[in-house]
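I opened this model to log what its coordinates say. My notes go from the whole chain down to single residues.

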Amino acid sequence: MPLKSVRFAVLGPVRVWRGETELDPGGPQERALLALLLVRAGDPVGLEEIVDALWGAEPPRSAVNVIRRHAGSLRRLLEPGLAVRAEGRWLVRAAGGYRLVTDGDCLDLLRFRELCEAGRRAASESPARAVELFTEALSLWRGPAAAGLPDHARAHPAFGAADRERLTAVRTAADAALRAGLPDVVLPELYRAAAAQPLDEPAQAALILTLAATGRHGEARAVYDAVRARLSEEIGIDPGPELREAGEAVRGAGASSAVGGAPGSGAGSDASAPSATLLPVTAPASTPDTPPDSASAPGPVAPVPRQLPHDVAVFAVRGDEVAGVLAAEEGRVVVIGGMAGVGKTTLAVHWAHRVAGRFPDGQLYVNLRGFGPSGAVMEPGEAVRGFLDALGVPPDRVPHGLDAQAALYRSVLAGRRVLVVLDNARDSDHVRPLLPGSPGCLTLVTSRDELSGLVAGQGAHALGLRPFDAGQTRTFLVRRLGVERVEAEPGAADEIGELCAGLPLALACVAARAAAHPRFPLSAVAAELREAHGSLDAFARSDASVDVGSVFSWSSRAVSPPARRLFELLALHPGPDFSLPAAAALAGLPARRVRPLLAELTGLHLVAEHSPARYSFHDLLRAHAAELVEEHRTESERRTALHRLHHHYLHTAHTADRLLAPTSDPLPPPPAPEGVRPEPLADDDRALAWLTAEHAVLLAVVDTAAASGQERVACHLAWSLEPFFDRRGHWHDGLTVQRTALAAARRLADPALEARGLRGLARVEGRLGLHAQSVSRLEEALRLFVRLGDDTGRANTHRSLGWEREQLGDLPGALHHNQLALDLFRALGDRAAQASVLNSVGWYHALLGEHRQALAHCFEALPMLQALGDRYGQAATWDSIAYVHQHLGRHSHALLGYRNALTLLRDLGAPYVEADILSRVGDTHQAMGDHDSARAAWRQALTLLRDVDHPDAERVEARLTGRDGRAGAG
């Protein structure tokens, strides 16, 4: 077996590949053993040291035998044909222990060290070259060394030493970057290093000087003040000479100067740059062969999520609890427990806003819906994928399986300071995949469950909320109703508190109605509460002294009959929240008539407007509404309301589908019932905004439609969501809804729907790399479309098969399927589909080196796409045209074509495609001998890819360093 057939990674989670296949290193102890051998990089590791890493101070008597079994498993993993007692080529016995044989081509840690050593050698003569080498070295890190190991194993000194190597490299790179006048290049790494080591004075000094060199003097001074205060408060010392000198340099710098930076390093050039226009590539222009105007523009910064819901302004009643949570240390998990309605979410969100400033890398929030009456519990995988999306991870980097997704999530958070709020968790297992591994993060969890597993396993700090006592209740009512009104009837105020069981949610409902009627005496309010009746079986708890359902019953009876009917029908909504148009669909009323009804319900705290024009229930109030709708509305009325709701989402999604994918072939949806008014979507931007806002709701609607006998609606809705999921990369969600749709189509025994379902599921399986399954389903779908005589279905299935052939490396096959699709579309007279597939045919001709045919097809497609207003199609076609010119050596033409594509893509926001084109811009300049322009384009591509942690970054890095055989390093 060739030595380099296996690769290892330890700069982040421990990973192993044989060829292109990733291997499973085994359980926690096997991973810890492998990590220790890797981080020691070829040195012998004795059994005593391995025992210490795996078990700490209390190893079992069988520790040595266990280690030998683990070593045997590791040998067989790396060399599967190895005999049980054979000596492997990778793992060998040495000095009473083991040694892993590897080198810089096989292990990221050794490659990191090689690059750092080369950077140090280059620093004196070429600081810019040193920066490139250090930047490449640091890009190998995907989190702390051996991230994800058990805490006792991760505490081994060898892993801390590797982390310190990273910190040293960051500081050395920062010094070289300042001398080279390239401070922006190392700033992201400096932020991470300073956050991970807040008391490391050299790292903080480097961050301060680098910020100043980029013109951010105010931020640099703020960092200095913060670290000086931290040194004083935590260890009682003043800044050392290096940090003090950095602070003095910043304080003495003028607003327009840069410390240590190159002249003009903070200036931009975009203001005077001419805007790119759609120039005809058929005739050479007289413009010089310069990179597109935007090739050297700064790329987007990594996203900083700000997901916290709105804060509650008044929170003095829980002062002691707030103080207790505020004292929580970073790196901890805090669990806020208590019965429903006691105010756990309110406290968590209020506290999160209070400490948000301590977490500059963002705040993540998710409602896990662990105890939702609708049963629509959010699975951990959905929550992890949502967090990864918010953190800027491209969808094609998200692996299969919850464990792998959670590991990636922890790696992305490594070195960052992020606040994570996990609201309404069902139990400890619901939460564990969402816990960061980074010591700079802090996690706040709310749950009705005690989550004792987190307390025992993760050392979580538990805070139990109890209902308000008499004094807290009085304070609450004073703040809502005024001191004079409460003090005038203290007995009635106390009785209201008792009737509400001291629950903030119930008290808020009562106080809202009392505030709306200032002339009502509190004694009358208390009397009404005594006489009210309600059940709210979902709230039956031994720690509730009274039936709080009566409070909600009293509140709901206080609204007008139309508002009460709406309140009841809203319980049928399956999603986590709802919009005004959706509420109107449920009620079968125009939105103008529903808006005041929602205002009436929000005024009494029966529903909450958690963001503009979006509403939600508290779980208890939803349960109360569900009881009322069952009691007061007939089965026919409930079924009709739900039918209207499903069609509201279906018809709006269908409109969005036509805007996002005008060349697709969606089936027209079933007619909308009376009372359904789809939301007007003027353009594709509005369509994307609506789909983004309703994302979670649409997933729930597909499920409820399929489960309630509306299979046809479920199918049409799932297929209407295809373009959105594909454009945004929500392929895991797409897989879920397409499986539901195919199952529903088969229950209907409708071949046309089954063919669509097969194709829809195959497309998303292909996106996820499941090509064997995808091709099989597409071939089955094609047979059904042929039998049905559906030429449009046939043509689109051929296009999908063509894409699959390309992924499998069969370019002639890809071209063949697209030519078949083109012939069918021409026979059908479908110009929009013709235009799109013409470019595809041209592209495959280009990849095959058939340049004349490629240009002919692309120039036929371009005016058709322009007439149709298809901007994505135009950008793809300009890219194809430019690619052909590039390979014909007509570099001026190629650059103009790439400029046109980039102009369109930047308006549409497609950074991955933009980076791919910028990479080809660099290749074009390199072919022209213009190395500086080539490097400028490649750097911009690399910035875009790194900002979204895209795997193609390695390919572009190879261009910049010349490792791919190009003269990029120049």
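The entries below record what I looked up, topic by topic.

**Ground rules.** I am working with a predicted model, where local features need pLDDT of at least 70, side-chain atom pairs count only at pLDDT 80 or more, and totals for chains, interfaces and linings use all residues. Residues are numbered from 1 along each chain as its sequence is written, and side-chain values use heavy atoms, with hydrogens and water left out.

**Whole chain.** I looked up the secondary structure and found 44 helices and 14 strands. Both are DSSP runs numbered from the N terminus: helices are H or I with at least four residues, strands are E with at least two. I then checked burial: 53% of the 970 residues count as buried. Buried means under 20% relative accessible area, exposed means over 50%, and partly exposed lies in between, with a 1.4 Å probe and protein chains only.

**Cores.** Which residues have the most contacts inside the largest nonpolar core? I found F8, V10, L100 and F112, in a core of 84 residues. Helix α7 (residues 157-180) gives this core its largest share, 10 residues. Apart from it lies another core of 63 residues, including L566, L589, L621 and A718. A nonpolar core here is a set of buried Ala, Val, Leu, Ile, Met, Phe, Trp, Tyr and Cys residues joined through side-chain atoms within 4.5 Å. Beyond its neighbours within four places in sequence, V10 touches A35, L38, L107, D108, L109, P144, A145 and A146.

**Helix pair.** I checked α18 (residues 470-481) against α21 (residues 504-516). Their axes come within 10 Å and cross at roughly 35 degrees. Axes are lines fitted to C-alpha atoms, for helices over the stretch in contact, and angles run from 0 to 180 degrees between N-to-C directions. On the α18 side I list T473, F476, L477, R480 and L481; on the α21 side, P504, L507, A508, A511, A514 and A515. These contact residues divide into 9 nonpolar, 1 polar and 1 charged. The classes: Ala, Val, Leu, Ile, Met, Phe, Trp, Tyr, Cys and Pro are nonpolar, Asp, Glu, Lys and Arg are charged, and the others, Gly among them, are polar.

**Positive phi.** I looked at two residues other than glycine. R369 has phi near 55 degrees. R369 sits in the loop between β8 (363-367) and α14 (380-390). Is R369 buried or exposed? R369 counts as buried, at 14% relative accessibility. A749 also has a positive phi, about 55 degrees. A749 is in the loop between α33 (731-748) and α34 (751-767), and A749 is exposed at 65% relative accessible area.

I looked up D657 in helix α28 (residues 635-660). D657 is buried at 2% relative accessibility. D657 and W719 are 62 residues apart in sequence, yet 8.7 Å apart in space, C-alpha to C-alpha. Setting aside neighbours within four places in sequence, D657 contacts S664, P666, W719, S720 and P723. T135 lies in α5 (residues 127-138) and is buried at 14%. With the same exclusion, T135 contacts V185 and R946.

Key
Contact = heavy atoms within 4.5 Å.
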